[in-house]
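Visitor: I have a structure to go through and would like to talk it over. Can you put it up?
Guide: Here it is.

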Amino acid sequence: MSDSTPAVEGATPLLEMRQVNTHYGAVHALKDVNLAIYAGEMVCLLGGNASGKSTTLKTLLGMVKPSSGQVVLDGEVVNDRSTAYRVERGVTMVPENRRLFQRLSVRENLQLGAYLRNDSAGIASDLEWVFELFPRVKERLSQKSGTLSGGEQQMVAIGRALMSRPKVLLMDEPSMGLAPALVKQNFELIEQIHAAGLTIFMVEQNANMALSIADRGWVLQTGRVVLDDTAENLLTHPDLRASYLGEA
Amino acid sequence: MIGKWAPRTGAPRTGVDKFLTLLRVLAVGLVLVGFAAFIAQEINTDNAFAQWANPDATGLSGAGFRGLVIAGISQGAMYGLIALGYSMVYGVLGFINFAHGEVFMMGAMTGWVTSTKLAEAGLWESNFIGSFVIVLFGSILVSTFLAVVMERVAYRPLRGAPRLIPLITSIGVSFFIQNMSIVLFGPATKSYPARPDWVKNKHTALQIEGDKIMVIAAAATSMILLWYLVERTKVGKAMRAVAEDAEIAALMGINVNRTIVTVFAVGGAFAGIAGIMWGIDFGSVIGHTGFLPGIKAFSSAVVGGIGHLGGAMVGGLFIGIAEAVGPLLILEPLGVSGVSQLRDAVAFAMLIGVLLLRPSGIFGERLRAEDRA
């Protein structure tokens, strides 16, 4: 690792990518990507369109298989493991555009988040926690999730992910498609969840907003990590400002 | 995702639109005139309108009409049971499994094998209910197995291919199973052993034949079980999740492959039940028995709104009743001859009629552009 050393020196990362390459047919989407996320961190991955951000998340979750390199979850190489296995071991994602099951009720969406769990008492208490975070969700439980507003859908999508009781939560473009007024509220929410003890790995185009709450981050450019630094340094980094943020 | 299309208010009306409107008006007009002529005949066969429509008409007695409706309901319940399989598979995989009619046929064939064996042992007559249960479970087992093998061998390797490919494959699978049944059982018509009288004859209080009651009861029970499975169990929730978004369902930890197998198994089981109902109701089965009921069940699923389970059953009843009642209710009063030969024509005319008026089916949602196959 370079100068963006995490808070805990010498600890094993919770989620790690070692020299990962991912291909879509002839397209080389990820090139020798190295990432390490440690417990308790809030980290972000920045990059423009088609830089490989979503592919990184899909590779971490096993929805896409890497052509070389290793994905390591909690010390175990999980390259050949299914998505379900990885979810059970404590990683899940809030997908881009939320992707709720629109024809299912809010309650059913939340229940599906806990699909792999059998501890009904734990599920019930986690559900209460979700209601505490999002009182609005509780009012909408029996509504079809497709009828909710964008902001409410975002709450259900986060709630659904939390219901699997993850150790690390991946978020794919959490602010995309939300009204500008909701974006700030959304990032406050993410901070709140992080404060509750969750490790968060966020992929964002809204770099200013993401770096304002993250500890450190990476910048992807056409599948390659070009910057790897603390959030503070990244915010003032001339390359990032020039190539990615524009003049902000 | 945006569920609805924008209204077409601004779109210019094309010649095709005008032609479709004309067809719709003609179809509705034909039905209305036929129905009016029927009413006229029922009032008095000598009145001028009835005479104009069909001078030879005799009208239909109340009991005759009732019998037609009951026959239609029991036939429709059978179509509905088969249609569920088409609709469920379409729901999760987005293609029409045309080989599903053959699963139904193999259910009826299995029923013929087991019922004949039981009849040879003398059990079919002495203990009809017990034998019936054995026959039913045998068919469910074979049909479920066949549907699951079909998915594994023919469709799973094609997952992710354009939808036209599994669709064409399903036609091939259909021919394969048809011919396999001829190889296994021979090309002749197979007759079920004679049913006890109480099954053949009308129930005294209800005035409905025993076999019709069995068919309707079996369909109703199956529908309730299916509703419970889909709406109230974890497996059902997984099915609905996979139907809507398989990638995210996998992210929830759902085993998508196993869920798809379950869908095929449940559809196969219902086709097996329908096969036995066919055997009990009509008493015979042959290698191509699956074709016409299969196509009509597919029509039922489309009429009800493909992918909608309640719609499949309603569509089945609609087609069944229409083809039983339609010829005598609408065609005969219009002076068409040999109407009872026109059942199939009526069934498919109904399909076209419903699609003209409501292209997405009775309960169907309008499809998004990328879902149109």
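Guide: One term before we start: two residues are in contact if their C-beta atoms, placed from the backbone, lie within 7 Å. Also, this is a predicted model.

Visitor: Fine. Which domains does the assignment give for chain A?
Guide: Domain 1 is 13-90 + 166-248, and domain 2 is 96-163. Their centres, taken over C-alpha atoms, are separated by 23 Å.

Visitor: How many residues of domain 1 of chain A are in contact with domain 2?
Guide: 17 residues of domain 1 of chain A are in contact with nine residues of domain 2 of chain A.

Visitor: Which elements supply the domain 1 side?
Guide: On the side of domain 1 of chain A that touches domain 2, α2, β7 and α7 of chain A give two or more residues. The largest share, five residues, comes from α7(A).

Visitor: And by class, how do the residues on that side divide?
Guide: The side of domain 1 of chain A that touches domain 2 has 10 nonpolar, four polar and three charged residues.

Visitor: Now the sheets. What is the strand order in the six-stranded one of chain A?
Guide: The order is β6-β7-β8-β3-β9-β10 in chain A, in an open sheet with mixed pairing. β6 and β10 (224-230) of chain A are at the edges with a single partner strand each, so one side of each has no neighbour in the sheet. From one strand to the next, the twist averages 20°.

Visitor: In which sense do β3(A) and β9(A) pair?
Guide: Strand β3 (residues 42-46) and strand β9 (residues 216-221) of chain A pair in the parallel sense, over four bridges. In that pairing, Leu46(A) is opposite Val219(A) in β9(A).

Visitor: What about the four-stranded sheet of chain A?
Guide: That sheet is open too, ordered β2-β1-β4-β5 in chain A, and its pairing is antiparallel. β2 and β5 (76-77) of chain A are the edge strands, each pairing on one side only.

Visitor: Take me through its pairs. How many bridges join β1(A) and β2(A)?
Guide: Seven bridges, in the antiparallel sense, between strand β1 (residues 15-24) and strand β2 (residues 27-37) of chain A. Glu16(A) is opposite Ala36(A) in β2(A). The hairpin of β1(A) and β2(A) has two residues between the strands, and Gly25(A) takes a positive phi near 60° there.

Visitor: And β1(A) with β4(A)?
Guide: β1(A) and β4(A) are antiparallel, with five bridges. Asn21(A) stands opposite Ser68(A) in β4(A).

Visitor: Which residue has a positive phi in the turn between β4(A) and β5(A)?
Guide: Asp74(A), at about 55°, in a hairpin with two residues between β4(A) and β5(A). Strand β4 (residues 68-73) of chain A pairs with β5(A) in the antiparallel sense over two bridges, and Leu73(A) is opposite Glu76(A) in β5(A).

Visitor: Change of topic: α6(A). Where does it lie?
Guide: α6(A) lies across β6 and β7 of chain A, and runs at about 175° to β6(A).

Visitor: Is α6(A) largely enclosed or largely open?
Guide: Largely enclosed by the rest of the structure, because 11 of the 13 residues of α6(A) are buried. Among the buried ones are Met155(A), Val156(A), Ile158(A) and Leu162(A), and also Glu152(A) and Arg160(A).

Visitor: What covers the buried residues of α6(A)?
Guide: The cover includes β6 (91-94), α3 (106-113), α4 (120-133), α5 (135-139), β7 (168-172) and α7 (180-195) of chain A.

Visitor: Over to chain B. How many residues of chain A are in contact with chain B?
Guide: 21 residues of chain A are in contact with 15 residues of chain B. On the chain A side, α2 (83-88), β6 and α3 of chain A each supply at least two residues. By class, that side of chain A has 11 nonpolar, six polar and four charged residues.

Visitor: Last one, α4(B). How many of its residues are buried?
Guide: 16 of the 21 residues of α4(B) are buried, so the helix is mostly covered. Just after α4(B), Gly122(B) takes a positive phi of about 85°.

Note on methods:
Residues numbered from 1 in each chain as written. Chains lettered and ligands numbered in written order. Predicted model: local features only at pLDDT ≥ 70, side-chain atom pairs only at ≥ 80, totals over all residues. Buried ≥ 20, exposed ≤ 12 C-beta atoms within 10 Å, placed from the backbone. Nonpolar A, V, L, I, M, F, W, Y, C, P; charged D, E, K, R; others polar. Pairing = 2+ DSSP bridges. Domains from an automatic or database assignment. Axes fitted to C-alpha atoms, helices over the stretch in contact; angles between N-to-C directions.
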